[in-house]
Amino acid sequence: MTKIVIMGGGPAGYEAALVAAQHGADVTVVERDGLGGACVLYDCVPSKTFIASSGARASLHGYRELGVNVDLDDTRVDLPTVHGRVRGLALAQSADIRARVQREGVRVVNGTAKFCDDEPGLATHKIAVAGKDGDEVLDADVVLIATGATPRVLPGAVPDGERILDWRQLYDLPELPEHLAVVGSGVTGAEFASAYTEMGVKVTVVSSRDRVLPHEDADAAAVLEESFSQRGTSVVKHARADRVERTDQGVTIHLADGRTIEASHALMTVGSVPNTEDIGLDRVGIEPGKGGAIPVDRVSRTSAPGVYAAGDCTGVLPLASVASMQGRIAMWHALGEGVAPIRLRTVAANVFTHPEIATVGISQQAIDSGEVPARTIMLPLSTNPRAKMEGVRQGFVKLFCRPATGVVVGGVVVAPSASELILPIALAVQNQLTVEHLALTFSVYPSLSGSITEAGRQLMQHDDLD
């Protein structure tokens with residue numbers, strides 16, 4: 001029986017454990033905090049639960065237009081209840097995952113793990129486990145490193161849990177900030193800026209670039225900036241933070257160009273650092289890459305025999321869905337099953353702002369630069385009948401296809417439920433469907449998804465049918 005040790009119990013780790021157990025392996029997962037890892041306990045699940053509460057308040061903005069009188073000024077956010085729900089759901093999800101993997105016969109050890117091989121290049125490996133119930137050394141035929149990542153810390157802005165915060169410390173605040181400065185305008189920064197804005201907090205976004213979401217679709221980012229402007233959130237652009245200073249009133253953010261920004265709290269969202277230190281990589285001959293990430297191939301192999309890596313510690317795409325697939329692929333490959341290498345261009349991703357921004361496949365930037373030839377269409381939701389009925393004015397559906405064949409190669413959706421609407425486009429990209437397939441599919445009328453089939457109809461050309 002193949003002995004497998006998995007270092008980390010996040011999405012990469014527990015999904016890999018389920019695959020390995022179902023294929024008859026002897027599986028041990030070593031996790032310090034709880035099954036689900038940081039994703040479930042501190043990052044993705046808590047943040048999206050918090051954002052769901054902000055979304056409830058955001059939905060009230062359009063009620064008056066629909067004939068329902070709601071006084072937003074009299075709508076209060078009970079922060080202890082919100083934070084209690086965040087923690088409760090995270091713990092419940094972790095418990096559900098633990099029960100599932102244990103039902104499959106996986107051994108779960110509460111502790112930390114590191115390699116203790118005598119020398120690099122060995123066919124089997126030894127893992128030293130410092131567990132809460134005692135220390136032990138595990139023998140392994142296969143090891144999966146799934147240790148995740150932690151929030152990056154700027155030397156001049158070390159979080160103190162009170163005024164200078166990382167995104168894992170927000171749920172300890174006793175009350176909403178009076179004025180929150182979000183340092184960083186990537187996905188995490190944009191999501192929390194949007195959530196706190198909808199909760200009625202004054203928010204300032206500090207962006208080192210010329211716009212929010214610099215790595216996302218530019219048209220989508222423009223919609224979000226418009227939403228921020230309408231809600232009173234300011235975006236300070238070309239502003240690189242040097243340090244954050246505690247003051248009697250809150251914090252002062254010192255920018256590289258000499259400007260300063262005053263706020264009551266600062267939320268630092270300046271990226272993550274892979275958890276690859278002190279896990280004994282040198283004992284198996286693995287040299288971390290840029291930023292400490294572990295280099296892997298498309299089936300999650302590292303440079304060491306019998307050692308795989310998956311999730312945020314690899315620096316591939318910091319998405320739970322990608323981590324899970326990397327973990328599954330690693331186990332299928334290690335156990336001799338046929339497996340297709342991961343295809344990152346088919347990954348659907350979502351930014352949980354208000355409105356949401358979902359993408360899949362080839363980007364608009366790649367098309368505009370000439371890197372990828374494509375026909376494109378962009379349909380504003382303001383022309384969609386269901387959107388009109390619901391008072392939705394912001395957002396759009398974009399679709400990209402190959403010029404000659406009409407095969408769908410990508411898309412963008414900006415809408416209140418973009419994370420759900422992106423699925424048909426993702427299915428088309430994954431399965432190389434054409435715009436004709438979309439055009440000839442019946443959509444419900446009226447529906448937001450009708451804009452996807454309409455986009456397919458508008459992209460059809462006669463040569464798609466030849």
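## A buried leucine

L379 counts as buried, at 10% relative accessibility. Buried here means under 20% relative accessible area, exposed means over 50%, and partly exposed lies in between, with a 1.4 Å probe and protein chains only. This is a predicted model: local features need pLDDT of at least 70, side-chain atom pairs count only at pLDDT 80 or more, and totals for chains, interfaces and linings use all residues. Residues are numbered from 1 along each chain as its sequence is written, and side-chain values use heavy atoms, with hydrogens and water left out.

L379 sits in strand 20, residues 375–380. Strands (E, at least two residues) and helices (H or I, at least four) are DSSP runs, numbered from the N terminus. V397 is 18 residues from L379 in sequence, yet their C-alpha atoms are 5.2 Å apart. Beyond the neighbours within four places in sequence, L379 is in contact (heavy atoms within 4.5 Å) with F396, V397, S451, E454, A455 and Q458.

## A buried glutamate

E198 belongs to helix 5, which covers residues 187–198. E198 is buried too, with a relative accessible area of 2%. Setting aside neighbours within four places in sequence, E198 is in contact with S54, R57, A58, H61, R231 and H354.

## The annotated domain

The unreviewed UniProt entry places "domain: Pyridine nucleotide-disulphide oxidoreductase dimerisation" at residues 348–455. UniProt positions follow the numbering used here, feature names are shortened, and annotations may be inferred rather than shown by experiment. The span 348–455 is 31% helix and 28% strand. Its end C-alpha atoms lie 18 Å apart.

## The whole chain

The chain has twelve helices and 22 strands. Its radius of gyration is 24 Å, close to the 23 Å that the globule rule gives for 466 residues, so the chain is as compact as a globular protein of that length. The radius is taken over C-alpha atoms, and the rule is 2.2 Å times the number of residues to the power 0.38. Along its principal axes, the C-alpha trace spans about 70 × 70 × 45 Å.

Of the 466 residues, 50% count as buried. Among contacts between residues at least 6 apart in sequence, 63% join residues at least 24 apart.

## Surface and charge

The chain exposes about 21,400 Å², and carbon and sulfur atoms supply 50% of that area. Areas come from the Shrake-Rupley method with a 1.4 Å probe; for residues, only the protein chains shown count as cover.

There are 41 positive and 56 negative side chains. Lys and Arg count as positive, Asp and Glu as negative; His and the chain ends are not counted. The centres of the two sets lie 2 Å apart, with each charge placed at NZ of Lys, CZ of Arg, CG of Asp or CD of Glu.
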